[in-house]
Amino acid sequence: MPSRALAAAALLAPLVLLASCAAPDAGEDAVTETGGTLVYATGDAEPTCLDPHVGGNYPQALLSTQYLEPLFGRDAEGTIRPWLATDWETSEDGLTWDLTLRDDISFTDGTPFDAEAVKANIEHLQDPNTASSTGYLAVEQIDEIEVVDPAHVRLHLSTPKSALLEALSQPWTAMESPAGIERGQDENCQAPIGTGPFVVDEWVPQQRVELSRNDDYVATNPEADHDGAAHLDGIEWRFIPDAATRQAALASGEVDVIDNPLPSDIVSAEGQGITHIDAPRPASSNRIELNSAQAPFDDIRVREAFVRAADPNPGIESLFLGTAERSYSPLSSMEPLAYADPALFETDADAAAALLDEAGWSERDDDGTRLKDGERLTVRFPVSTDQSTAAEQSLFEQIQENAASVGFDVVLDPVDLSTWYGALGAHEYEAVSAPYTTVGPDVLRILYHSSGTVPAPSGYFANHAMLQLPELDEALDAAASALDPDERAERYTEAQRIVLESYAVLPLYDQQNHFLVKGATGIATLGTVATPTFVNAQLTD
Amino acid sequence: MAAVRWLAARLARAVLVVWIVATVVFFALRASGDPLEAILGGPGSQAGPEAVAAAEREYGLDRPLVVQYAVQLGRIATLQLGDSYARRQSVAELIWQQLPSTLVLAVLALALAWVLAVVGAIIATTARGRIGRAVNALLRGVEIAATVMPQFWLGAVLILVFASTLGLLPATSAGSSPAELVLPVVTLAIPIAGFLAQVSRDALLEADRAPFATSARARGAGEPRLLLRHTLRHASLPALALSGWAFGNLLSGAVVVEVLFARPGLGRLLQEAALARDVPVVIGAVSIVAVLYVAVIVVADAAELVVDPRLRGPRPAALRMPDVAVGS
């Protein structure tokens, strides 16, 4: 239909012309101002509850970092720093922890922060009615919370937990006013009360959360570069699900900060007066896990063949445009104890083919897929389109191609989050990529200890690789209870080596966490789960 | 009496539509996932057995599915939409918060679509001769292009041009200025306008050549008078009959537009609730959309009666649906 094509061209030509002849923004001089409202636009989902004790996911962490503070922080090197707690002491057996608390802090409703408040918060996390998932895991080994005096609290544990301080540094275990919690979940979800530099004023669902400055803020934040309250009058926290729209809003000055930018937008940010903050998330790296509990990946030779054939590097370079670096460790590069072994992951299609022959997958059918006793070498790979970005999904397609060249039939199945969890729960997968954000190397125990193959009542289990290796369990258990830092490091290194040598895990890159900023300075990210803090931020327009 | 019967028949149809919609949604959501996920903090939640048991009791999920279905229908019948699993808020309140935003969007988009369609039709009939034929061909092409244009793509182009590059209009809605309505309304209106324009232009051209137009011209009626008094009214009939359908289309298009332009609204509420398996919210929102849809069809039918006196007598054969491409 030439007339239709012509008409479409006539309609679009002016638009395309307009788009192509626009001049890029000139770089602006940074003149900082005190006050003003910073507009932050997030691409993460809108929380269903602003109290991160309830549930406990990353969108809640992003937002609650602005109004809640944890007992401990972690610096860029991964060292634990005091925050609302100033000091700690552990008993010989690792079962009793004495924490010293700051005595000069109040919640924004006037309730003093003290040992009673710590007790109320941990009990709130442990209460089944709170329905906490992430926070609950952090405090589940705490049997009893003893209030020694207002500034001292003693935690009695059921088993030793070397990761306790890291667990308590997470935003999901941050401290809230006991009086606020008392109001009940409905009210507390709308506006939790903390000790942070900002206060929740109003939540307009699907639109924004209004935060205003806490004028009485005492700088407990280890990142704060000044005493007293934040510079900004407030923050308008907006939910903009579409990445291109977020970028357009940043470019046009509607918003000052965005998260989850597209790789192309990160690259083109340079020279547009846009600052890029690269703050990968800690704990686990992004990786593909192979289900070692069922055919064909119950054979380590088949797993190694897949890993040798996958060849993700060219894809990572081209799809992420240099914004993501290949990882060879199950842990994030942000973790001081991360152990990497690139040699295990060298691409070698010939070696992969030889391994498959050896494992009995020597015949091929018409489309080149290998066969064994008439069975096709099929790999079901459900992909959560809510969690995997477009670039990551394209990377999986490239891996699919690469693996096909040695005879794997990788079936990528893009599905929504619920269906994805459904497939995992029913063990209907041979390969999967699942993010996991927490703090510290203890994530290895969550992801690869054999106890992680037992599903929770909701059907969820974290050990998607289905690893059940006694020596790995032993290393992880020893690391979890090791109070000596050297022993802990040694045990975690050993655990990572076992995980990598099992070929059940193909590390890809750090969990991507990028921010683009235009018209503001002083934005730092925390060393815990890399959420941004605006305690030092100033507008520069 | 006839009017009462007319209304009663349509109300009965509305009830039937809501019942079918609620039933389909209820079983589709239950078949595709566990609503406990929504209650216990989203998919992958690691809630303990006590929390799971407590939630099952609290929300009646331990009862047989048929009982849960009956309870849900009872709630709709009594307009008690219950509480959201995920947001721990009343469903009625959530819908009430989001509905105005979507209605404003849909009503403005329909109005704009009508204006564009009528203007296009008038240009097509008033341009005559060889130029007229060329203009007509061009309009036909533009209409088809508009009709088949995917809204997410159209919206993205508009954002790129008018927000990102020219900085003339906001790309997103902060709830503060009328300017932020422009791009979403245009995005939503263009495909509908293309569709309505095809229908009303054909009808207008047909009316323009009809015997009554010829006789009116013979009696010395000027073209503007003819257009306003006779042919336009004639031409608006098929488009009016399709406005109910168009409104339903606008409500579903609102999902795309609301996500793209970060606008609050029923569409986005529905999308998020469906992803979270938040059964009460999905059923409540879909029921409201169904009721609105039926209500608009009733209004469109009534408007037809007003515009076309012939319909007030014995009902003639149904108006022929034109055979044209429909965008989504």
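Some conventions come first. The model is predicted, so local features need pLDDT of at least 70 and side-chain atom pairs count only at pLDDT 80 or more, while totals for chains, interfaces and linings use all residues. Residues are numbered from 1 along each chain as its sequence is written, chains are lettered from A and ligands numbered from 1 in the order in which they are written, and side-chain values use heavy atoms, with hydrogens and water left out.

I begin with helix H12 of chain A, residues 349–358. Helices here are DSSP runs of H or I with at least four residues, strands are runs of E with at least two, and both are numbered from the N terminus. Which residues of H12(A) are buried? They are A:Ala352, A:Ala353, A:Leu355 and A:Leu356. These four lie on the same side of H12(A), because they cover an arc of only 160 degrees around the axis; the arc is that of the directions from the helix axis to the C-beta atoms. Buried means under 20% relative accessible area, exposed over 50%, and partly exposed in between, with a 1.4 Å probe and protein chains only.

What do the buried residues of H12(A) pack against? Their partners are helix H10 (300–310) and strand S15 (370–372) of chain A, where contact means heavy atoms within 4.5 Å. The N-terminal end of H12(A) is capped by A:Asp348, which places a side-chain oxygen 3.2 Å from the backbone nitrogen of A:Asp350. Just after the helix, A:Gly360 takes a positive phi of about 95 degrees.

S14(A) and S15(A) pair over two bridges in the antiparallel sense; two strands count as paired if DSSP finds at least two bridges between them. Within this pair, A:Arg364 stands opposite A:Arg370.

A further open sheet in chain A has four strands in the order S4-S5-S7-S6, again with antiparallel pairing. Strands S4 (85–90) and S6 (142–149) stand at the edges with a single partner strand each, so one side of each is left without a neighbour in the sheet. From one strand to the next, the twist averages 20 degrees. S4(A) and S5(A), the latter spanning residues 96–101, pair in the antiparallel sense over five bridges, and A:Thr90 stands opposite A:Trp97 in S5(A). Helix H3 (residues 115–126) lies across S5, S6 and S7 (152–157) of chain A, running at about 165 degrees to S6(A). Axes are lines fitted to C-alpha atoms, for helices over the stretch in contact, and angles run from 0 to 180 degrees between N-to-C directions.

Next, the disulfide. How many are there over all chains? The count comes to one, taking a disulfide as a pair of cysteine sulfur atoms within 2.5 Å. A:Cys49 is joined to A:Cys189 with an S to S distance of 2.1 Å. The pair links distant parts of the chain, 140 residues apart: A:Cys49 in the loop between strand S1 (37–42) and helix H2 (58–64), A:Cys189 in helix H7 (residues 185–190). The link is left-handed, with -90 degrees about the S-S bond. Both cysteines are buried.

Two buried loop residues follow. A:Thr453 lies between helices H15 (443–448) and H16 (470–481) of chain A, with a relative accessible area of 10%. A polar atom of its side chain lies 2.6 Å from the backbone oxygen of A:Ser450. The side chains of A:Thr453 and A:Gln468 are joined by a polar contact of 3.4 Å. A polar contact is a pair of N or O atoms within 3.5 Å; within protein, one must be able to donate a hydrogen and the other to accept it, and residues adjacent in sequence count only if both atoms are side-chain atoms.

A:Leu232, in the loop between strands S9 (208–213) and S10 (234–239) of chain A, has a relative accessible area of 0%. Beyond four places in sequence, its contacts include A:Phe198, A:Arg213 and A:Phe534.

Finally, chain B has twelve helices and zero strands. Buried residues make up 49% of its 328 residues.
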